[in-house]
Structures are given as structure tokens and as C-alpha cells.
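This briefing covers the fold, the surface and two residues of the protein shown below.

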Amino acid sequence: MVLALIGIVVGILIVMILIVKAVKTPSNDVVGVDMHCRTCGIKINGLTCPRCEKRTQSFGV
């Protein structure tokens, strides 16, 4: 019974923390992810790196 009460209290605390974080976050804030090339390290906007894409070998195709 005590474990159930502890679980309920912990769950309520987690929910309250998430609600506070959601209220404090501005509504126009966008989740951003910065992606970097693994080879050269520059910031990329898509899946392929424009700098490393030019250096790839295509076997004449």
C-alpha cells in the first residue's frame, strides 16, 4: 500500500513538473535540432552534406 502511495505521489510530481514546463515555454518556440556532418563537421540542413557530396566517388556513373 505504501509503495502504491509513493508511486502516485511521484507520478503527480512528474505531471506537475511537465505542466509547469509547458506553461513557461513560449507558444511560438520551435523545437530545433542542429545537424552536423560526421565527416567534416559543418552544419547541414538536409540529409547530405554539400561539401562532402562533391568529393564522393561515383565510379564514372
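From the N terminus on, the protein's elements run α-β-β-α, made up of 2 helices and 2 strands. Helices (H or I, at least four residues) and strands (E, at least two) are DSSP runs, numbered from the N terminus. The model is predicted: local features need pLDDT of at least 70, side-chain atom pairs count only at pLDDT 80 or more, and totals for chains, interfaces and linings use all residues. Residues are numbered from 1 along each chain as its sequence is written, and side-chain values use heavy atoms, with hydrogens and water left out.

**Surface**
- The protein exposes about 6000 Å², of which carbon and sulfur atoms supply 67%; accessible areas come from the Shrake-Rupley method with a 1.4 Å probe, and for residues only the protein chains shown count as cover.
- Of the 61 residues, 7% count as buried, meaning under 20% relative accessible area, while exposed means over 50% and partly exposed in between (1.4 Å probe, protein chains only).

**Nonpolar patch**
- Val2, Leu3, Ile6, Val10, Ile14 and Leu18 form a nonpolar surface patch with about 610 Å² of accessible area together.
- Patches are made of residues with over 30% relative accessible area and no salt bridge, with like charges joined within 9 Å and nonpolar side chains (Val, Leu, Ile, Met, Phe, Trp, Tyr) within 5 Å; a salt bridge is a side-chain nitrogen of Lys or Arg within 4 Å of a carboxyl oxygen of Asp or Glu.
- Ile14 lies in helix H1 (residues 2-24) and counts as partly exposed because its relative accessibility is 46%.

**Thr25**
- Thr25 lies in the loop between H1 and strand E1 (35-36).
- Its relative accessibility is 41%, so Thr25 counts as partly exposed.
- The Thr25 side chain reaches the backbone oxygen of Lys21 at 2.6 Å.

Technical notes:
Polar contact = N/O pair within 3.5 Å; in protein donor to acceptor, adjacent residues only side chain to side chain.
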